[in-house]
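Hi everyone, thanks for having me. I'd like to walk you through one structure today, and I'll keep it short.

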Amino acid sequence: MFQKLQQKWGVNHRQFWIIFIVFGLTGTTTAILTRYVTAWLGMDASSFWVWKLMVRLGMLVFGYQFILLGYGALLGQWAFFWKYEELLLRKLGVLSQKSKIKNQNNSLEPMAKGQQPIPNSQSPIAKGQQPIPKTQLAIFASGAGSNAQKIIEHFKNHPSVRVALVVCNKPGAGVLQIASDKGIPSLLIEKERFFRGDTYLPVLKEYGIDFIVLAGFLWKVPIDLINAYPQKILNIHPALLPKYGGKGMYGMHVHEAVIAAGEKQSGITIHFVNEHFDEGAPVFQATCLIDEKDTPETLAQKIHVLEHAHFPVEIEKIVS
Ligand code: GRF
């Protein structure tokens, strides 16, 4: 049940528990304050029940919301709770549609039903010029997210490409925190829906995703997703394919195999994704030397340096 809620909110494990604590603290504080307020107003058991009810409702509707925002801000979750309040205020008609659209650009939650994303945000344009639609990029990642971070930083303020969404299958993965810190919406996906459901295609369409980049995403990409994004899904593999690729060849397993085979060099391969693991058309490779002292760990560091230097640039070339 908790996991479902976490996915619905689109937050990582740590955030989820903080949010839970905020709700708990808010409920308790509101109850205590309500008691003080009724006593201060001189209400007791003999008071007319309608007045007591009105005070309690008032505290619940207004006091609760302020306290929620206060605790949310104190525990570093202002963005999440403000979004929650914005929804409420919009429902009450206090906030306009304009603020709704502004909110969606930075939402940390999957879009609420019925909301419309901005399909293509525009670059700053000179007067009289036609705006150029930006390519909306989704990064699929399930690990620490160092590559995702480099890609997000590379495309920050880019004139024609925008990282619109981070998709992750692992609650608590570092990449979710990175997305949150950078103000990129994230979407936690479930195995059942990804492989046997609609592959989240409607959600990707809602976000206007044009291109997908896999940066440490370990699940196989379903054929429906590949067909929906032909030659528009890129992966990075931490070895020189076709060697050291395929099922089970990921992360440290790759580097261990390369070192065990006594290779003198390794590297990275950026390739399009097809229905087989690591078999899509390669578009770029870069190499690094392996010396006798190298271990799988030191090789992993060398590979990360190559990935960070080349992946964002190669994505830009292909997307452009
Ligand atoms: C990278 O080495 C990438 O090649 C592989 O997974 C790793 C992800 O690392 N597919 P990070 O999460 O981006 O740090």
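**Around the ligand**

The shell of residues around the ligand divides into three nonpolar, six polar and one charged. Before I go on, please remember that this is a predicted model.

So who is in that shell? The residues surrounding the ligand are G143, A144, G145, S146, N147, G216, I236, P238, H304 and E307. What does N147 bring to the ligand? A backbone N or O atom of N147 sits 2.8 Å from a ligand oxygen atom. I236 also takes part through its backbone: one N or O atom there lies 3.2 Å from a nitrogen atom of the ligand. With H304 we turn to a side chain, where a polar atom is 3.1 Å from an oxygen atom of the ligand.

And how much of the ligand does the protein bury? On its own the ligand exposes 370 Å², and the protein buries 86% of that. If you're wondering which elements give two or more residues to the shell, they are α6, residues 146-155, and α12, residues 296-319.

**A helix with a kink**

Now have a look at α3, which runs over residues 49-74.

Where is the kink in α3? It's centred on G63, and it comes to about 35 degrees. G63 is also one of the buried residues of this helix, and others include K52, M59, Y64 and L68.

**Some loop residues**

N157 has a positive phi of about 60 degrees, although it isn't a glycine. T199 isn't a glycine either, and its phi is positive at about 60 degrees. N157 is in the loop between α6 and β2, the strand at 161-168. For T199, go to the loop between α8 (191-196) and α9 (201-206).

So, is N157 buried or exposed? N157 has a relative accessible area of 69%, and the cut-off for exposed is over 50%, so it counts as exposed. T199 comes out at 3%, and buried means under 20%, so T199 is buried.

F277 falls in between those cut-offs: at 26% relative accessible area, it is partly exposed. You'll find F277 in the loop between β6 (265-272) and β7 (282-289). Its C-alpha is 8.6 Å in space from that of V221, and the two residues are 56 apart in sequence.

One more loop, between β5 (233-237) and α11 (252-260), holds P242. What is the peptide bond from L241 to P242 like? It's cis, with omega near 15 degrees.

**After α12**

Let's finish with S320, in the segment after α12. S320 is exposed, with a relative accessible area of 66%. What does its side chain reach? The side chain of S320 reaches the backbone oxygen of E316, at 2.6 Å.

How values were computed:
Residues are numbered from 1 along each chain as its sequence is written. This is a predicted model: local features need pLDDT of at least 70, side-chain atom pairs count only at pLDDT 80 or more; totals for chains, interfaces and linings use all residues. Side-chain values use heavy atoms; hydrogens and water are left out. A residue is near a molecule or strand if one of its heavy atoms lies within 4 Å of it. A polar contact is a pair of N or O atoms within 3.5 Å; within protein, one must be able to donate a hydrogen and the other to accept it, and residues adjacent in sequence count only if both atoms are side-chain atoms. Accessible areas come from the Shrake-Rupley method with a 1.4 Å probe; for residues, only the protein chains shown count as cover. Helices (H or I, at least four residues) and strands (E, at least two) are DSSP runs, numbered from the N terminus. Ala, Val, Leu, Ile, Met, Phe, Trp, Tyr, Cys and Pro count as nonpolar, Asp, Glu, Lys and Arg as charged, and the others, Gly among them, as polar. The expected span of a helix is 1.5 Å times one less than its number of residues. The bend at a residue is the angle between axes fitted to the seven residues ending there and the seven starting there. Buried means under 20% relative accessible area, exposed over 50%, partly exposed in between (1.4 Å probe, protein chains only).
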